[in-house]
Amino acid sequence: MASRRRMLLKVIILGDSGVGKTSLMNQYVNRKFSNQYKATIGADFLTKEVQFEDRLFTLQIWDTAGQERFQSLGVAFYRGADCCVLVYDVNVMKSFDNLNHWREEFLIQASPSDPENFPFVVLGNKIDVDGGNSRVISEKKAKAWCASKGNIPYFETSAKEGFNVEAAFQCIAKNALKNEPEEEMYLPDTIDVGGGGRQQRSTGCEC
Amino acid sequence: MTEPQDPFSYPPIDPVNFDLIIVGTALSESVIAAAASAVGKTILHLDPNSFYGSHFASLSLHDLTSYLTSPHSLPSAATAAASSDSDDIVVVDLVHQPLCTDAETATYDESAFLSENSRKFNIDLGGPRALFCADKTIDLLMKSGAAQYLEFKGIDESFVYEANAGLANVPDSRGAIFRDKKLSLKEKNQLMRFFKLVQQHLDDTQEEKIPKEDLEIPFVSFLEKMKLPPKIKSILLYAIAMLDYDQDNNEVCEELLKTKDGIDCLAQYSSSVGRFPNAPGALLYPIYGEGELPQAFCRRAAVKGCIYVLRMPVVSLLMDKVTGSYKGVRLASGQDLYSHQLILDPSFTIPSPLSLSLGDFPSERLQMLSQRDIKGMVARGICITRSSIKPDVSSCSVVYPPRSLYPEQVTSIKALQIGSNLAVCPAGTFILYLSTLCNDADEGKKLLKAAMNALLTLPVSGNSESIPSVQSDSEDIKPIVLWSAFYIQKLIMSKFEFISSTPTPDGNLNYNALLDATEKLFNQMYPNEEFFPKATSPEDPTDEDDNGLTLDS
């Protein structure tokens, strides 16, 4: 039964409102992008099967469901995460500045046993905007920040164009898998009254 | 509660008009947020705290201590006041009155263990509380979609405390009666016969029914009529039907439970046993504590578009100067927001009488709001120990029937021990929750302390000889208390007015009464809307779980 738990990897995506968290998820899982921005409504979590070294895993990617807008994500959202994805918009300075806050917030709320080595992945999104002319954060600056926080892997992405999204999520999956689970409390006697909601979900979007 | 200043400064909330503004994220408020979002209402859900759950939160040891011991310093107006803000709006300041009072905490652990592990605790503020496997809370969790964010474990055992005999298993099923070591053969037969009678009564295909006139008499009289001995009677009334007041004492028990309701309680209990194959008894407890429940409903609401703002106190109400009707609220940030309806956490009131005369302002309606429907109080206790009250049992419930501790005990005490396998405390520790209804704070706390002393012992410094054991089970060594807290919580009913308020946590072990009140409040607010219509549930009813857990068994 312990191995069953390892089949499911929980990934949470954090970052300021409007940086493209939901779009990145949708692009990766459904290969879809919508230009119409609405503060996230209807996104819960998406799941995708990933293969890694001949084993099949379910990546469960949790959206903030808009609760990040006023920094009001509850501790339940953070619990049991295997990887935390930090997203900023390369065209918005504040979204980059806030990465540090999101990282700290995660470490406090999720309180992983080994915070130094907990897997984060940073994504600089929206590199397509205005042909890159409106970006205010250079790749160099972002990489320097990632290096200073224990060499966090960094990807520049465009959820709109689908650029680098697959590669980024492969890295996310790989790092989530490497993360040693906290303590094995997902013992066989765990009762899921909803009949397997956590284990079995195709797409969480129900807009 | 003092909170560290958030490093972010909130942007103004946009939009400024909502169908409903809800203040507080306790279970009732969260369920209404999820239910109203599910039918398309626009909602703003606020909480002055930095955490979800209000009176249903599960907190770290440090946060719990400061929540209980430091008076809540929410930025509410220091002096009760109402002022005229503009031509057509009157601003009435809200007063926050903590629900939990008379708190006393004690640390007996001289090492730094507790402070070093503070964050490993998720201690329920409204405990003891658990779910019956077959109760309707489970249905609500599924219907609302909140179940997908939650995981539970079964409570290992259920005990009843017997004077001079310690803990005895609650004989809650045929198998349990057979296995029971403390019941005599005669008692086993009596109990079996009674269970069979109830089973026949509930079975539609059976002719044999309990006579109609018996269904209307007090359950306690019916049990006497069935010639059940006092011990069995006590188990049925307090450990299975979970009654609060001494049913043999007409002075304290204003309302005796009727036989038909007693039968329903028995039915719920017996259908809970065995509903989930890997739940050993009738009860379930959420992994990480009860604070997960409101958070699950809030996430359902958020997914449906409800806007969440924590750390945001509401300081005043905005009222129409002419009609006296509710218009909106003023936040601590100074922003004014408007909604058709408002739900307030029961800890908020309006000062009475208003200190300012406002001319023609129809203040009678506000006076109505300032009168809270207080229905007594519940005393709660929390003890942290390093060993279980029963060897080899991690989680268990205990009921102390009336008069089991001392003759003047008129209420039963409910207790719940939760171990570290439910992720609420560090490995090797246990949390014991206790509660009882009471009319007086000292009386309530005295009772809980007697209950604590019956099962636990306080460390005696410099003396290895501890308090003599009360338990007859001599092989049981009583666990030593590391930390304890006792406090009193007011019981306030929900209210549907032009401004509604939700109920406080009640004295029950499960959530049924509270959720009934919540559903009623929702139906009063939205008489034309369904409480969680079927279509909103994202779950496929077909059970795909490879664990083999089915819901309808």
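First, the ground rules. This is a predicted model, where local features need pLDDT of at least 70, side-chain atom pairs count only at pLDDT 80 or more, and totals for chains, interfaces and linings use all residues. Residues are numbered from 1 along each chain as its sequence is written, chains are lettered from A and ligands numbered from 1 in the order written, and side-chain values use heavy atoms, without hydrogens or water.

Now the rings. Over all chains, there are 22 aromatic pairs. Rings of Phe, Tyr and Trp (its six-membered ring) pair if their centres lie within 6.5 Å; planes under 30 degrees apart are stacked, over 60 edge-to-face, the rest tilted. Take Phe297(B) and Phe532(B): centres 6.5 Å apart, planes at 45°, so the pair is tilted. Phe297(B) sits in helix H11 (residues 292–303) of chain B and Phe532(B) in the segment after helix H14 (512–525) of chain B, so the pair ties together parts 235 residues apart in sequence. Helices here are DSSP runs (H or I, at least four residues), strands likewise (E, at least two), numbered from the N terminus.

Buried or exposed, Phe297(B)? Buried, at 2% relative accessible area. Phe532(B) is buried as well, at 2%. The cut-offs: buried is under 20%, exposed over 50%, partly exposed in between (1.4 Å probe, protein chains only).

Over in chain A, ring pairs link Phe77(A), Tyr78(A), Phe106(A), Phe118(A) and Phe120(A) into a cluster.

Back to chain B. Asp102(B) is in strand S7 (residues 100–107). Its relative accessibility is 42%, so Asp102(B) counts as partly exposed.

Last, Ile89(B), in strand S5 (residues 89–93) of chain B. Ile89(B) is buried, at 12%.
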